[in-house]
Amino acid sequence: MELKLDDFCRKFLIKLSPNFVSFVLRSGQVKGRPDVAVRFFRWAARQGRYGHRIECYASLIEVLSISGDLDGVASAFAGLRNSGFLMTASAANSLIKSFGSVGMVEELLWVWRKMKENGIEPSLYTYNFLLNGLVDSKFVESAERVFEVMENGRIGPDTVSYNIIVKGFCKVGKTQKAMEKLGDMETKSVEPDKITYLTLIQACYGEGDFNSCLRLYREMEEKGLEIPPHAYSLVISGLSKEGKCMEAYAVYASMTRNGYRANVAIYTALIDSYAKCGSIEEAMRLFDGMKDDGFHPDEVTYGAIINGLSKNGRLEEALAHFEHCQNSGVTVNAMIYSSIIDGLGKAGRVDEAEKFFEEMADKGYSRDSYCYNALMDAFTKCGKINEALALFSKMEDEGCDQTVYTFTILIAGLFVEHQNEEALKLWDVMIDKGITPNAASIRALSTGLCLSGKVARACKILDELAPMGIIPDSAVEDMINVLCKAGRIKEACRLADGIVVRGREIPGKIRTVLINALRKAGNTDLALKLMHSKIGIGYDRVGSFKRRVKFLTLVDS
């Protein structure tokens with residue numbers, strides 16, 4: 001290349017000017033070829049009585065930054081800095097854009113200082129490229145200061161400026177500040193565009209704030225803005241995750257009315273949402289519609305369908321889809337196996353569930369805690385507590401995490417089999433492992449102890465949870481309910497009195513709980529008697545003393 005250029009210049013007795021060199025470096029033929037750009041730049045510098053200008057360096061740095069050649073950019077910048085050129089507005093804009101795109105913040109700030117030294121007033125274009133460079137490099141606090149300068153200066157921020165600072169706040173998890181900027185835009189009559197809203201919707205979705213996703217989507221509709229397909233996808237997926245299948249479907253319907261086609265992910269989110277809400281027929285209708293629309297369901301879609309059918313007791317259909325996956329080359333993942341095992345277990349088909357569990361290991365699938373829990377639950381439900389405990393040991397041997405749900409299933413199963421001390425030992429193991437009890441595990445333990453006649457021990461364990469920061473809100477209600485359902489009204493009343501005496505709950509609330517428990521247990525007469533009396537909340541005067549009328553009065557009178 002260099003020889004041809006030399007011959008050409010000699011033949012026509014010409015020398016390429018810096019402006020022409022800069023033009024060539026910016027041309028389409030050179031832009032995607034950084035090696036050619038560097039060779040041409042070096043060749044031009046060897047011309048007689050020739051010197052590069054700042055625009056030549058800016059053009060070369062632009063080519064190198066587009067190709068991601070950071071070493072080349074650093075080398076070109078070193079040459080520029082040593083040349084001592086005066087900064088120009090056009091070169092400054094180009095350099096800020098280039099350095100910002102590759103996250104070279106020190107170089108970016110050097111250009112900014114040179115602009116100030118040479119009295120170059122930044123344009124809106126310059127400010128926006130500076131903001132973008134700082135944000136892309138995660139110097140969001142510096143970007144915020146630049147933005148404040150814009151707000152207080154002659155050149156105010158435009159929609160692009162706001163979009164960049166909103167993107168910056170979202171990048172570093174300051175979504176609330178990003179939302180505040182949206183409010184500032186409306187106050188300062190700067191119109192947000194679809195990029196503003198899409199950035200905020202993505203941030204809210206990432207934080208699980210699906211209500212804000214829906215609100216931003218509705219604002220876009222009200223403003224008549226074009227809603228990108230990705231925004232539809234995020235809103236539909238978010239609503240589906242929250243179980244709001246009707247709202248998700250309404251957004252899907254709006255999407256199709258506006259001429260956009262749903263994709264596999266959107267269909268899958270809707271199918272999963274309807275299936276989990278119990279509307280399995282609607283889920284199947286969407287599944288058929290998806291195939292009619294020319295989409296091929298993937299393993300996630302089949303997982304949602306099989307899970308929904310299994311949970312709704314339609315096991316034969318679930319097994320048929322499972323077989324179809326195996327025959328048609330669709331990957332059968334661990335989640336699909338777990339759904340089948342869970343469905344078979346709940347239907348009492350434990351042997352088949354166990355067969356699928358072993359098949360997972362034979363095929364090399366990793367059996368996670370959900371899968372183990374499903375089979376354990378099936379064993380405990382049919383009285384095979386020893387097999388469940390053996391599975392628990394195997395789970396530990398294979399290094400699978402034992403979750404709070406694992407312990408809850410076994411504790412409940414042990415109490416059903418009247419192995420109360422074993423259940424308590426397992427509870428202690430759970431606490432020692434640092435696993436925080438949830439409402440279900442507390443319910444399993446407290447109700448199991450109550451039915452075993454160990455109400456006092458249940459209360460003691462509940463008291464021990466308080467220093468751990470665990471407040472078992474519904475435990476008392478669960479204990480009273482289970483005692484009343486078992487016909488142990490006297491024990492329920494004694495428990496209620498003990499709770500009030502120890503100051504755990506106010507008498508009025510306990511009285512309401514006991515009335516509801518009696519009513520649910522079919523003991524309407526006692527519920528009415530309690531409701532129309534002062535038992536639990538009233539007082540009897542004995543001489544000069546007042547004593548609360550105990551709940552035990554209900555059964556003693």
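Is Thr-175 buried or exposed? Here are some friendly notes on that residue and a few others, bearing in mind that this is a predicted model.

1. **Thr-175.** With a relative accessible area of 6%, Thr-175 is buried, because buried means under 20%. Its place is in helix H12, which covers residues 175-187. Once its neighbours within four places in sequence are set aside, Thr-175 is in contact with Phe-169, Ala-203, Cys-204 and Glu-207.

2. **The nonpolar core.** The largest nonpolar core has 189 residues, and Met-87 and Ile-480 are the ones that touch the most other members. Helix H5 (residues 54-66) supplies the largest share of this core, eight residues. As background, nonpolar side chains in soluble globular proteins tend to be buried together.

3. **Around Ile-480.** Not counting residues up to four places away in sequence, Ile-480 touches Ala-492, Leu-495, Ala-496, Ile-510, Val-513, Leu-514 and Ala-517.

4. **Helix H12 again, with a salt bridge.** The model's salt bridges come to a count of 34. One of them pairs Lys-223 with Glu-186, and their closest N and O atoms are 3.7 Å apart. Lys-223 lies in helix H14 (residues 210-223) and Glu-186 in helix H12, so the pair ties together parts that are 37 residues apart in sequence. Lys-223 counts as partly exposed at 36% relative accessibility, and Glu-186 is also partly exposed, with a relative accessible area of 45%.

5. **Lys-244 and Glu-242.** Which residue forms a salt bridge with Lys-244? The partner is Glu-242, with the closest N and O atoms 3.3 Å apart. Lys-244 is partly exposed at 26% relative accessibility, and Glu-242 is partly exposed at 36%.

6. **Asp-342 and its network.** Asp-342 forms a salt bridge with Lys-311, where the closest N and O atoms are 3.3 Å apart. Because Asp-342 lies in helix H21 (residues 334-346) and Lys-311 in helix H19 (residues 299-311), the pair ties together parts that are 31 residues apart in sequence. Salt bridges that share partners join Lys-311, Asp-342, Lys-346, Asp-377 and Lys-381 into one network. Is Asp-342 itself buried or exposed? Its relative accessible area is 8%, so Asp-342 is buried.

Key: Residues numbered from 1 in each chain as written. Predicted model: local features only at pLDDT ≥ 70, side-chain atom pairs only at ≥ 80, totals over all residues. Heavy atoms only, no water. Helix = DSSP H or I, 4+ residues; strand = E, 2+ residues; numbered from the N terminus. Buried < 20%, exposed > 50% of the residue type's maximum accessible area, 1.4 Å probe, protein only. Contact = heavy atoms within 4.5 Å. Core = buried A, V, L, I, M, F, W, Y, C linked by side-chain atoms within 4.5 Å. Salt bridge = Lys/Arg side-chain N within 4 Å of Asp/Glu carboxyl O.
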